Amino acid sequence: MTTPSPLLDIHVRHKSFAGQEVLHDIRLQLHGGECVTLVGASGCGKSTLLRIASGLDRDYAGKVRLDGQPLSGPTRDIRFVFQEPRLFPWLTVAGNVGFDAGGVVDASRVAALLDEVGLPGLGGRLPKELSGGQAQRVAIARGLFVQPRVLLLDEPFSAVDAFTRLKLQELLLRVARAHRVAVLMVTHDIDEAVYLGDRVVVFEANPGRIFPPIAVPLAQPRDRDGAAVGEVIASVRHALEQAHAL
Ligand SMILES: Nc1ncnc2c1ncn2[C@@H]1O[C@H](COP(=O)(O)OP(=O)(O)O)[C@@H](O)[C@H]1O
Ligand SMILES: [Mg+2]
């Protein structure tokens with residue numbers, strides 16, 4: 001489902017580190033309610049692009065607009081979920097979920113979110129008492145707590161086992177829909193990119209550039225093993241070969 005004007009409009013003309021260009025002329029738009037996935041070889045600039053999209057990195061030539069307004073720094077409307085959960089070890093699960101809200105945290109809202117991410121009643125635990133998958137569920141709940149409009153995820157399921165990963169994919173689809181949050185997600189898993197994405201963006205490296213997004217014209221829920229998903233996976237793999245990523 002798309003709207004006429006993009007929710008997030010990313011244009012990076014150049015991004016360099018120490019004189020080395022790592023991103024070149026990237027234009028990417030994210031519409032309300034959409035899930036866009038990014039794939040590409042390691043080091044091609046995916047994380048750098050996500051940091052720029054979040055407002056964390058402003059040292060680049062170009063512009064990011066949220067709802068037409070230039071982004072001037074981090075905002076509650078855009079939240080980031082990293083590969084590792086990055087929970088505060090001294091805070092409880094509930095404390096971590098409500099952390100970004102600051103001040104007084106509505107305990108019933110925290111509890112409802114924990115229910116939603118499949119961790120009912122675990123608000124009193126410390127991060128060290130969680131499995132990797134549970135910790136990432138907390139990170140997702142924390143990302144949603146401030147009711148952002150965009151969730152950026154950087155290889156969020158890379159550190160969990162394959163079975164947990166499938167469950168977290170379903171969780172992400174469910175909460176993104178329920179909270180009407182648009183998703184921009186980096187993954188190195190082609191199947192995951194196609195299963196979750198409405199569009200898949202393939203990166204080319206040195207400097208990082210993107211191919212025109214590959215549409216995934218399939219309604220959710222999708223059949224992971226179906227021929228239609230398989231066809232798109234083949235297109236993405238082909239694009240990655242053209243991008244010399246495989
Ligand atoms: N803070 C930094 N300082 C210098 N170089 C960096 C920094 N962050 C990333 N890079 C370099 O920029 C390129 C892109 O990195 P990154 O965005 O992390 O790639 P990806 O997420 O696709 O693996 C890499 O060559 C990396 O070494
Ligand atoms: Mg990265």
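A residue counts as buried when its relative accessible area is under 20%, as exposed when that area is over 50%, and as partly exposed in between. The exercises below apply this to a predicted model.

**Exercise 1. Decide whether aspartate 57 and lysine 15 are buried or exposed, and find what joins them.**

Step 1. Aspartate 57 has a relative accessibility of 10%, so it counts as buried.

Step 2. Lysine 15 has a relative accessible area of 2%, and therefore lysine 15 is buried.

Step 3. For a salt bridge, a side-chain nitrogen of Lys or Arg must lie within 4 Å of a carboxyl oxygen of Asp or Glu. The closest N and O atoms of aspartate 57 and lysine 15 are 2.9 Å apart, and the two residues form a salt bridge.

Step 4. Aspartate 57 sits in the loop between helix 1 and strand 4 (61–66), while lysine 15 belongs to strand 1 (residues 8–17), so this pair ties together parts that are 42 residues apart in sequence.

**Exercise 2. Describe the surroundings of aspartate 100 and name its salt-bridge partner.**

Step 1. Begin with the position of aspartate 100, which is found in the loop between helix 2 (93–97) and helix 3 (107–116).

Step 2. With a relative accessible area of 30%, aspartate 100 is partly exposed.

Step 3. Apart from neighbours within four places in sequence, the residues in contact with aspartate 100 are Arg76, Arg79, Arg142 and Val146.

Step 4. Among these contacts, arginine 79 forms a salt bridge with aspartate 100, and the closest N and O atoms are 3.1 Å apart. The pair links distant parts of the chain, since arginine 79 lies in strand 6 (residues 78–81), 21 residues from aspartate 100.

Step 5. Arginine 79 has a relative accessibility of 16% and counts as buried, whereas aspartate 100, at 30%, counts as partly exposed.

**Exercise 3. Work out why glutamate 155, although buried, has no salt bridge.**

Step 1. Locate glutamate 155 in the loop between strand 7 (150–154) and helix 5 (162–178).

Step 2. List what glutamate 155 touches, not counting residues up to four places away in sequence: Lys46, Gln83, Val186, Thr187 and His188.

Step 3. Recall that side chains of opposite charge can pair when their charged atoms come close.

Step 4. The nearest side chain of opposite charge to glutamate 155 is that of lysine 46, at 4.6 Å.

**Exercise 4. Find which residues surround ligand 1, and which atoms of glycine 43, glycine 45 and lysine 46 lie close to its oxygen atoms.**

Step 1. The residues around ligand 1 are Phe17, Val22, Ala41, Ser42, Gly43, Cys44, Gly45, Lys46, Ser47 and Thr48.

Step 2. Sort this shell by element: helix 1 (residues 46–54) supplies the largest share, three residues.

Step 3. Turn to the backbone, where a polar atom of glycine 43 is 2.7 Å from an oxygen atom of ligand 1, and where an N or O atom of glycine 45 lies 3.0 Å from an oxygen atom of ligand 1.

Step 4. Lysine 46 takes part through its side chain, in which an N or O atom is 2.8 Å from an oxygen atom of ligand 1. Ligand 1 on its own has 560 Å² of accessible area, of which the protein covers 53%.

Terms used
Residues numbered from 1 in each chain as written. Chains lettered and ligands numbered in written order. Predicted model: local features only at pLDDT ≥ 70, side-chain atom pairs only at ≥ 80, totals over all residues. Heavy atoms only, no water. Helix = DSSP H or I, 4+ residues; strand = E, 2+ residues; numbered from the N terminus. Buried < 20%, exposed > 50% of the residue type's maximum accessible area, 1.4 Å probe, protein only. Lys, Arg positive; Asp, Glu negative; His and termini not counted. Contact = heavy atoms within 4.5 Å. Near = heavy atom within 4 Å. Polar contact = N/O pair within 3.5 Å; in protein donor to acceptor, adjacent residues only side chain to side chain. Areas by Shrake-Rupley, 256 points an atom, 1.4 Å probe, with all protein chains shown as cover.
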